[in-house]
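Reader: I have a model open on my screen. Can you walk me through it, starting with the space inside?

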Amino acid sequence: MCNPAKKLFERASQVLSDLNQIGSEVYKDSHPGLGNSATFADPSSKITVFFYDHQQRVVSSEMALESFKQAARDIAAIAARRGAELGEINAYQLRDPSQVLPFRAEAKASDGLSEFLAVGVVDNCIMKLRFTAQFPLEEAQVWMKALNEYLNKGYGKPT
């Protein structure tokens, strides 16, 4: 894992300090290039932030886009494993340069869960946020906006 990814990961608990961190994972030994993740949860939602570089010194937005597409497929597969179908995925890219995670997707699953994904490049590393909520999509969108504000403030470039 690149040194910047490790530093980004180590800052996650500080950046998201208002949330209850329930765990973290180190993937570099079993899956080189996949880095680390930090997971936060409460009774109605779960947030996992991943930091990785695919063992590349330079990570491009094209690489982040490919990771985003794969993560969207993974979310659909995870929903299927729990016996749910994922509704239409609303995927889009924000053009605002202040957004550290410009690739976004959201969907509602048939079991009532709201699924969100946000991916971007920070310090030559891919940062991916996955947010699963047990409340309506509209309410979850408000939470997702707040999460992105935390991440923009904690990981954004100084203006």
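**Inside the fold**

Author: This is a predicted model. Its largest cavity is lined by Ala72, Ile75, Leu86, Ile89, Ala105, Glu106, Ala107, Glu115 and Leu117.

Reader: What volume does the largest cavity have?

Author: About 50 Å³.

Reader: And how many cavities of 30 Å³ or more does a search of the whole structure find?

Author: One.

Reader: Which elements each supply at least two residues of that lining?

Author: Helix 2 (61-81), strand 5 (103-108) and strand 6 (114-122) each do.

Reader: Which one gives the most?

Author: Strand 5, with three residues.

Reader: Let's step back. How many helices and strands are in the chain?

Author: Three helices and seven strands. In sequence order the pattern reads α-β-β-β-α-β-β-β-β-α.

Reader: What does the radius of gyration say about how compact the chain is?

Author: The radius of gyration is 15 Å, close to the 15 Å that the globule rule gives for 159 residues, so the chain is as compact as a globular protein of that length. The C-alpha trace spans about 40 × 35 × 30 Å along its principal axes.

Reader: How much of the chain is buried?

Author: Buried residues make up 44% of the 159 residues. The chain exposes about 8800 Å², and carbon and sulfur atoms supply 51% of that area.

Reader: What about contacts between residues at least 6 apart in sequence?

Author: Of those contacts, 49% join residues at least 24 apart.

Reader: Changing topic. Where is Gly156?

Author: Gly156 is in the segment after helix 3 (137-155).

Reader: Why does Gly156 count as partly exposed?

Author: Because its relative accessibility is 25%, and partly exposed runs between the 20% limit for buried and the 50% limit for exposed.

Reader: What does Gly156 touch?

Author: Leaving out residues up to four places away in sequence, Gly156 touches Val100 and Leu151. The C-alpha atoms of Gly156 and Leu101 are separated by 9.5 Å, and those two residues are 55 residues apart along the chain.

Reader: Last one. Where is Pro97?

Author: Pro97 is in the loop between strand 4 (90-93) and strand 5.

Reader: Buried or exposed?

Author: Pro97 counts as exposed, because its relative accessibility is 77% and exposed means over 50%.

Reader: How far apart are the C-alpha atoms of Pro97 and Asn148?

Author: They are separated by 13 Å. Along the chain, Pro97 and Asn148 are 51 residues apart.

Terms used: Residues are numbered from 1 along each chain as its sequence is written. This is a predicted model: local features need pLDDT of at least 70, side-chain atom pairs count only at pLDDT 80 or more; totals for chains, interfaces and linings use all residues. Side-chain values use heavy atoms; hydrogens and water are left out. On a 1 Å grid over the protein atoms alone, a cavity is a set of points where a 1.4 Å probe fits but cannot get out, and a pocket is an open set with protein on both sides within 12 Å along at least five of seven lines; lining residues have an atom within 4 Å of a point. Grid points are joined across faces, edges and corners, and a volume is the space filled by probe spheres set on the points. Helices (H or I, at least four residues) and strands (E, at least two) are DSSP runs, numbered from the N terminus. The radius of gyration is taken over C-alpha atoms; the globule rule is 2.2 Å times the number of residues to the power 0.38. Buried means under 20% relative accessible area, exposed over 50%, partly exposed in between (1.4 Å probe, protein chains only). Contact means heavy atoms within 4.5 Å. Accessible areas come from the Shrake-Rupley method with a 1.4 Å probe; for residues, only the protein chains shown count as cover.
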